[in-house]
Amino acid sequence: MSESATRIGILGGGFGGLYTALRLSQFPWQSEQMPQITLIDKSDRFLFTPLLYELMTGEIQTWEIAPPFSQILANTSIRFQQDQVTGIDVKSRTVQVQSGDTVNYDCLVIAMGGDTPLNIVSGAKEHAIPFKTLEDAYRLGDRLRLLEQSNQEKIRIAIVGGGYSGVELGCKLADRLGDRGRIRIIERGNQILSTSPNFNRETAKSALEDRQIWIDLETEVTEMTADTLFLQYKGKIDPIPVDIVIWTVGTQVSPMIQNLSLAHSKKGQLTLNSYLQIPEHPEIYALGDVADCYDQEGNSLPATAQVAFQQSDYCAWNIWASLSGKPLLSFKYQPLGEMLTLGVDDATLSGLGLKVSGLPAYLARRLIYLYRLPTFSHQVTVGLNWMMQPLIEGLKEVVS
């Protein structure tokens, strides 16, 4: 690689950042064009977040959904730096990191994700558990184990938010806890899964009802303590005893991103053109939670793995095209449907003309996500493990 190689900095190793880096490394670069790609993330592992729920029921092991970046990038020219980004100077084209280093770039991809806003309700920051990272899952798992090992008759769990995360997590925890679980979902709107296809919503409602999960609609959390949640419904506030509160509502752009001297949306996201670039700085791209992105009809796109996955393809192409004299492509989102896990061996799938629920949807979801794991070698390793697992369990039953 020549000293004059284009320096591409990618901030964030989630779906947007990692998959952009991998696709960039696969393009047919001329030897003199090969860029220097640096991926920066505060964690040492990539996290396949759509399968994080399965950790709660033991259906998935950590190594399957959280491989180290060193393993993923082993056969690429991508340089990984584990560090916390503390600042971006768009004028000097530099990135400051917590270790004190300064990373220079010619092209920058901002895909750092967002934070769960716990500062909007008194007591939430101290007592609620978000569910977005591997550390969140470990924290929840540790808390559940303590309660499971106690003499407490019922384990009372409140999940704030009736969106995808709240519903999927509720079903998984109900299957894990069985009759000991007392789970309620608190949603400020008038229905759960407000943006879901009707088939998925109705299937999810049935799954929640079957598991005796209580749903509080048009209800808001006003305050929480270590063992009490205060809920407001039609002007009346009631205290509810709880053992665990899980917060699944909202995504907040970090103050560092919001303070950049760039155009932002009302939510603090970075304003983009159709090529996923910052208009006043076309050398900077933004993906995922930090990006104010729209589909072809002008509808705001949610910060989901599916959106970030598709954005990474366009971002990688446009960076390569801009450096190779090729035309850039306007981002066109293709909705491929929606999948929800609804407990152990249970799911719902709606999209591309299909409506499937139960075990077939569960297996289809597994296969689709297996295909989307970041590298072929990891797909093979995980796939073989999934195939062998029923055989291993069967042998254990025979032996016992």
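E54 and R365 are both buried (under 20% relative accessible area, with exposed meaning over 50% and partly exposed in between; 1.4 Å probe, protein chains only). These residues belong to a predicted model, in which local features need pLDDT of at least 70 and side-chain atom pairs count only at pLDDT 80 or more, while totals for chains, interfaces and linings use all residues. Residues are numbered from 1 along each chain as its sequence is written, and side-chain values use heavy atoms, with hydrogens and water left out.

E54 forms a salt bridge with R365 (a side-chain nitrogen of Lys or Arg within 4 Å of a carboxyl oxygen of Asp or Glu), with 2.6 Å between the closest N and O atoms. This pair links distant parts of the chain, 311 residues apart: E54 sits in the loop between β2 and α2, and R365 in helix α10 (helices are DSSP runs of H or I, at least four residues, and strands runs of E, at least two, numbered from the N terminus). A salt bridge also joins E59 and K172, at 2.5 Å from N to O. Because E59 lies in the loop between β2 and α2 and K172 in helix α6, the pair ties together parts 113 residues apart in sequence. K172 is buried, at 0% relative accessible area, and E59 counts as buried at 18%.
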